[in-house]
Each structure stands twice: as C-alpha cells, then as structure tokens.
Amino acid sequence: MVFADIGDRLTLSRRSGGVEFAFDGPFGGELAPDESNLVVRAAKALLATLNSSPGGFRLTLDKRLPIASGLGGGSADAAAALRLLAKLNDLALDDPRLLEVALETG
C-alpha cells in the first residue's frame, strides 16, 4: 500500500448572503456546481435536513485528484463538506441528522 502525498482541499468561508460553491485546482474546471457534485449534494441535503440557514458561506474545493480516478476523492470531499457545515451549525459529529445525510450522500 502506498499513500499519496496529494489530495483535494475544501475550505469554508463566511460571506454575506447566500450559499456559493467554487472549484479551483487542476481538475476544478471539470466540475459543475450542481447535484452531480457530491460536495454540493451533501451540503444542500444537510441544509435541507436542518431546515435553517447558517447565513451566507462559500465552499471552495481545490480539486487536485483526477475526477473518477477511483481514489475516493468525491466521497472524501463530501465528508469534509459535512464536517465543515456541522462545525458551522454547532452539530456534534455523531448527530443523527448528520449521519443520515452522510449515508444518503454516500
């Protein structure tokens, strides 16, 4: 087994009004900010489950792993998005709503 020293990076920043998704990095231009993206799907599902808005924020994915390369980048990115949004919403990582969305997203 070999561990790669490269990976995607996801950051969350507060902004005034609305939710925004941005994609950077070598493979970021290949991504769409719609439901086909696991980060977008996970974030929207959690916000809908919580039925509240934490205010405006921007999730930026620095996509460094090739898309559909079989390395689990999309799933890991979605999990990172859920962790960031859990922190933003003061949710414990074992909150049943968070776990439900994680299972639904994959």
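**Close-up views of a predicted model**

**View 1. The contact between helices α2 and α3.** Ala78, Leu82 and Ala86 of α2 meet Leu98, Val101, Ala102 and Thr105 of α3. By class, this contact of α2 with α3 has six nonpolar residues, one polar residue and no charged residues. The model shown here and in the other views is a predicted one. Helix α2 covers residues 73-88 and helix α3 covers residues 96-105. The two helices pack at an angle of about 160°, and their axes are 11 Å apart. Because angles over 145 degrees count as roughly antiparallel, α2 is described as roughly antiparallel to α3. The crossing of α2 and α3 is right-handed.

**View 2. The contact between helices α1 and α2.** Here α1 and α2 pack at an angle of about 30°, with their axes 8 Å apart. Angles under 35 degrees count as roughly parallel, so α1 is roughly parallel to α2. The crossing of α1 and α2 is right-handed. On the α1 side, the residues in the contact are Leu38, Val39, Ala42, Ala43 and Leu46. They meet Gly74, Ser75, Asp77, Ala78, Ala81, Leu82, Leu85 and Ala86 in α2. The residues of this contact of α1 with α2 divide into ten nonpolar, two polar and one charged. Ala78, Leu82 and Ala86 of α2 belong to the contact with α1 and also meet residues of α3.

**View 3. The three-stranded sheet.** The strands form an open sheet in the order β1-β3-β2, with mixed pairing. β1 (9-14) and β2 (19-24) are the edge strands, and each of them pairs on one side only. From one strand to the next, the twist averages 15°. β1 and β3 pair in the antiparallel sense, over six bridges. β2 and β3 run parallel and are joined by six bridges. In a regular strand, side chains alternate between the two faces of the sheet.

**View 4. Strand β3 and its partners.** Is β3 largely enclosed or largely open? Five of the six residues of β3 are buried, so the strand is largely enclosed by the rest of the structure. Several residue pairs can be picked out along β3. Phe57 in β3 is the bridge partner of Arg14. Arg58 in β3 is the bridge partner of Glu20. Asp62 in β3 stands opposite Asp24.

**View 5. Helices lying across the sheet.** Helix α1 lies across β1, β2 and β3. The direction of α1 is at about 165° to β2. Helix α2 lies across β1 and β3. The direction of α2 is at about 25° to β1.

**View 6. Ser52 in a loop.** Where is Ser52 found? Ser52 is in the loop between α1 (38-50) and β3 (57-62). The relative accessibility of Ser52 is 38%, so this residue counts as partly exposed. The reason is that the partly exposed class lies between the buried limit of 20% and the exposed limit of 50%. Ser52 and Asn89 are 37 residues apart in sequence. In space, the C-alpha atoms of Ser52 and Asn89 are 9.4 Å apart.

Key. Residues numbered from 1 in each chain as written. Predicted model: local features only at pLDDT ≥ 70, side-chain atom pairs only at ≥ 80, totals over all residues. Heavy atoms only, no water. Helix = DSSP H or I, 4+ residues; strand = E, 2+ residues; numbered from the N terminus. Buried < 20%, exposed > 50% of the residue type's maximum accessible area, 1.4 Å probe, protein only. Axes fitted to C-alpha atoms, helices over the stretch in contact; angles between N-to-C directions. Parallel < 35°, antiparallel > 145°, perpendicular 65-115°, else oblique. Left-handed = near helix turned anticlockwise from the far one by under 90°. Contact = heavy atoms within 4.5 Å. Nonpolar A, V, L, I, M, F, W, Y, C, P; charged D, E, K, R; others polar. Pairing = 2+ DSSP bridges.
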